[in-house]
Amino acid sequence: MSFVELESRGHVGTITLNRPEAMNAISGDVADELAGASLQTAADPNVWAIILRAAGDRAFSVGADLKERGRLDERGWLRNRSLMRAMFDSIRAVPQPTIASVFGYALGGGFELALSCDLIVAADDAVFGLPEVTVGIVPGGGGTQLLARRIGPARAKELIFTGARVGAKPALDMGFVAAVVARDSLDSETLQLAERICRSSSVAVREAKRAIDWGWEVPLEHGIELEDQAWRRAVASEDRVEGIAAWREKREPRWKGR
């Protein structure tokens, strides 16, 4: 049985965690498959936006598979860590915009999966949390860094130090969730957002993403230089020629993605 499923609709690629019987807990095998799926989807020139979603009805992901970890010796823990690190790294490295479609529990590594994406659309029953310190470990999938960058270090410290859980509406108020929607419309609302992104030039969107990600927390002038480089690459693209032509001719652009 595959723990990760891939599909595409138009220019939108979808990666689905498929371990609902375990509330999509992330084992070493799941991590390995998800890393491969991320790399495969990232390399597809026809995919302009990516949705990360999960099967089942209880949890987006409850994080690391603690039953598996309970059987690991010290060497096994380090090997598992390598698989987890590769998974999170591969998601953050995707050049296309990524959207996490979250319902139910998104805890520990499950929350970090969502934070590794550019945007989070949450169902109204979503619950987020990083409980690692309550079992004697530290968030290891980027949680300490990604959450602090989204909501500020003081609020992130409060949530991480206490292992507190946060519902969808407070998550929206804090700013780490882009939208909260009804559970039964989560898939359609997330797809609509991805399709709206795909109406823009994929070249320009990727360059904008790179400028934002690489320019974050560097000196302003360094960030401005990164933005200028992104602008120059976009201007040199066929999409820029098509975009200006479409504007002049008052029609929808026919993007080529190059």
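Okay, so before anything else: two strands count as paired if DSSP finds at least two bridges between them. Strands themselves (E, at least two residues) and helices (H or I, at least four) are DSSP runs, numbered from the N terminus.

This is a predicted model, where local features need pLDDT of at least 70, side-chain atom pairs count only at pLDDT 80 or more, and totals for chains, interfaces and linings use all residues. Residues are numbered from 1 along each chain as its sequence is written, and side-chain values use heavy atoms, with hydrogens and water left out.

Let's start with strand 7, residues 119-123. Now, 4 of the 5 residues of strand 7 are buried, so the strand is largely enclosed by the rest of the structure. Buried here means under 20% relative accessible area, with a 1.4 Å probe and protein chains only.

Next up, an open sheet of 4 strands: the order is 4-6-8-9, and the pairing is mixed. Strand 4 (59-61) and strand 9 (165-167) are at the edges with a single partner strand each, so one side of each has no neighbour in the sheet. From one strand to the next, the twist averages 20°.

Strand 4 pairs with strand 6, residues 105-107, in the parallel sense over 2 bridges, and Ser61 sits opposite Ala106. Helix 4, residues 109-116, packs on this sheet and touches strands 4, 6 and 8, contact being heavy atoms within 4.5 Å. The direction of helix 4 makes about 90° with that of strand 6; axes are lines fitted to C-alpha atoms, for helices over the stretch in contact, and angles run from 0 to 180 degrees between N-to-C directions.

Note on methods
Buried < 20%, exposed > 50% of the residue type's maximum accessible area, 1.4 Å probe, protein only.
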